[in-house]
Amino acid sequence: MKRTRIVRNVSLGVENLLLHKLRSFLTMLGVVFGVGSVVAMLSVGEGASQEALEQIRKLGSNNILISSIKPTEENANSTNPSFMSIYGLTYADQNRIDTGFRDIRRSVPVKAMRKDSRLGGRSLELRVVGTTSAWFDVVPRQVVAGRVLLPRDQTHRSPVAVLTEFGARKLLATEGTIGQSFRIGGDTFEIVGIVRSESGQAGSIQVPDQEVDVYIPIEVAQSYFGDVFTKRSSGTFIRERVELHQIIVEVDRTEAVEAVASGIGTMLKRFHKKADYIISIPLALLQEAEATKRRFNIVLGSIAGISLLVGGIGIMNIMLASVTERTREIGIRRAIGAKKMQILVQFLIETVVLSTVGGLIGLGIGVLIPFLITYFSGMPTVITLSGILLPISISLTIGLIFGIYPATRAAGVDPIVALRHE
Amino acid sequence: MKPSEADLSEWIRLDQARKSYRMGGQQVHALAGVSVSFSRGDFWAIMGPSGSGKSTLMNVLGCLDRLTSGKYLLDGRDVSRLSDDVRSEIRLRRIGFIFQSFHLIPQLTVQRNIELPLHYLGWDEEKSSVRARELAERVGLSERLHHRPAELSGGQMQRVAIARALANDPQIIVADEPTGNLDTTTGAQILELLAQLHRQGKTILMVTHEPDIAKHAEKRLYMVDGKIDWDRSMAP
């Protein structure tokens, strides 16, 4: 009973608004543009930030990345040709990490070096990544052909290699190439698989993969290529001894990430005199990115708020004029027996209908714009549920707030005066 | 008929009713102590020159206006100083208004205008529609249900207004110069409708300044300067 009365009141309000189609349309224009711009801006902003967040997520929110870096003070001595700088993470570090912390699920050592490779008549400089089978568990990668590294490759010290799709294409390696041998540096390896790489940049952290990666068991990398690397830089050779270039630690629970990271930091500080390593936490980056997104949304929200405010004032203005214009109607309704509250509700409903319909039209425009942006510029845009519900509920609220004053004025009309009103 | 002892036939009774308001810094006494009672089923014409207070009397009797002092007893209940909501409720359930300039809502169809009181009574659409058609037939306008007031003649508009006034089946019909904007022939038809309603038992209070029109009523009340001029009033 009560529900049907509301439906009836709303349909009467709509009927009334339809009597002045142009005026009603112009009245809701402010809200249309307000809501339209909010929805469009939110979806463009959401698209941009989701792209960034996706990159960070690829690093794994439960992961900690510890990378070797060359301490800055070493550079001063680098002119000495016989000098060898020794820095970075060590096998002992990984051991201590593996054994010293409770919440660690697994840790993956990484030894990376650049080597020339040759397959058939093609050659390519690859980034050789000596790692363990766990590498492929930490960041799951799609297997294009063959298999990934397995624990038995490590125990048998098998000279096997897993290529990335990009590197494989450059070397003209296909599914049929699996099982064939190819050369890295001066040594022969068997190609056992091809995987898709998860490349990209997330904030200041390089996502572990590069497109020219080739994965081999770390034991093999160590025994074949050793720990000393020679780099050529501006005509001189620099010799460096680095045991591990990176250790990726996967933590059991997201809540433990920060504690484990600071524990590892404390431990490493004890064993490293120089700051030759850096700990990065994708989770922290993620949180930072999310905070940035929140700030961005607040700015957008304020702009949207102002435009909706203007739209609301526009509606209020027209509704006030409408109340004056319909004074006699109000008088008639009152004489017939309508209570003040019923007149108030009648006008309030009209305002809410105006602002809500305006909001819906604005939503349509706001959804169309990002679609066009994506279509023509390829920029990613994302329309979220909250990006739709928020403007709609705001336009409804705007209708209520800016409808109250005109509706109160309507309800306050003295029927005796109103009936004399021409 | 001077007010006397409480009488069961005194269905509507004003007792020393006063209504005054300030206009341009001056105190105006629209009703300066009116005491009168009307019985159930009466047909009264309320007459008097403009400014005599007859319109104010109508508004008070129709529960649109409140008294400054004195009493208005409707069916034994003092309604002179009730709240706005309660007076609205009384208007909705017991009173039907007919105005000189019809006062139909221009954007609504004839049917919707007639249904207006039913809307506020909370009737559902189907029932209201049946009732509206019934009433339109009664005032001879079944063909015009879906027209808007602007498409009707003055007489037809007043018939719609009467149908609307009857929608809530009121006990009292308050008519303010119902024929004032109509030609003589149409006016006579409207008066005949009112007479019919009177015969059906409705109490009719009609304001007019034309003696010819007032003749159709059973009883006459003559107002001068906010008071009743009993010498010129007539109550058979």
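Entry 1, the model. I am working from a predicted model.

I looked up the domain assignment of chain A. Domain 1 covers 2-56 + 288-420, and domain 2 covers 70-275. I then took the centres of domain 1 and domain 2 of chain A over C-alpha atoms and found them 57 Å apart.

I traced an open sheet of four strands in chain B, with the order β2-β1-β4-β5 and antiparallel pairing. I noted β2 (26-38) and β5 (77-78) of chain B as the edge strands, since each pairs on one side only. Next I followed β1 of chain B, residues 12-23, which runs antiparallel to β2(B) and is joined to β2(B) by ten bridges. For one residue I looked up the partner: B:Tyr21 bridges to B:Val28 in β2(B).

I found helix α1 of chain B, residues 54-61, lying across β1, β2 and β4 (69-74) of chain B. Against β2(B), helix α1 of chain B runs at about 60 degrees.

I recorded 17 residues from chain A and 20 residues from chain B. On the side of chain A that touches chain B, at least two residues each come from α1 (2-19), α10 (327-336), α11 (340-377) and α13 (415-420) of chain A.

Definitions and conventions
Residues numbered from 1 in each chain as written. Chains lettered and ligands numbered in written order. Predicted model: local features only at pLDDT ≥ 70, side-chain atom pairs only at ≥ 80, totals over all residues. Pairing = 2+ DSSP bridges. Contact = placed C-beta atoms within 7 Å. Axes fitted to C-alpha atoms, helices over the stretch in contact; angles between N-to-C directions. Domains from an automatic or database assignment.
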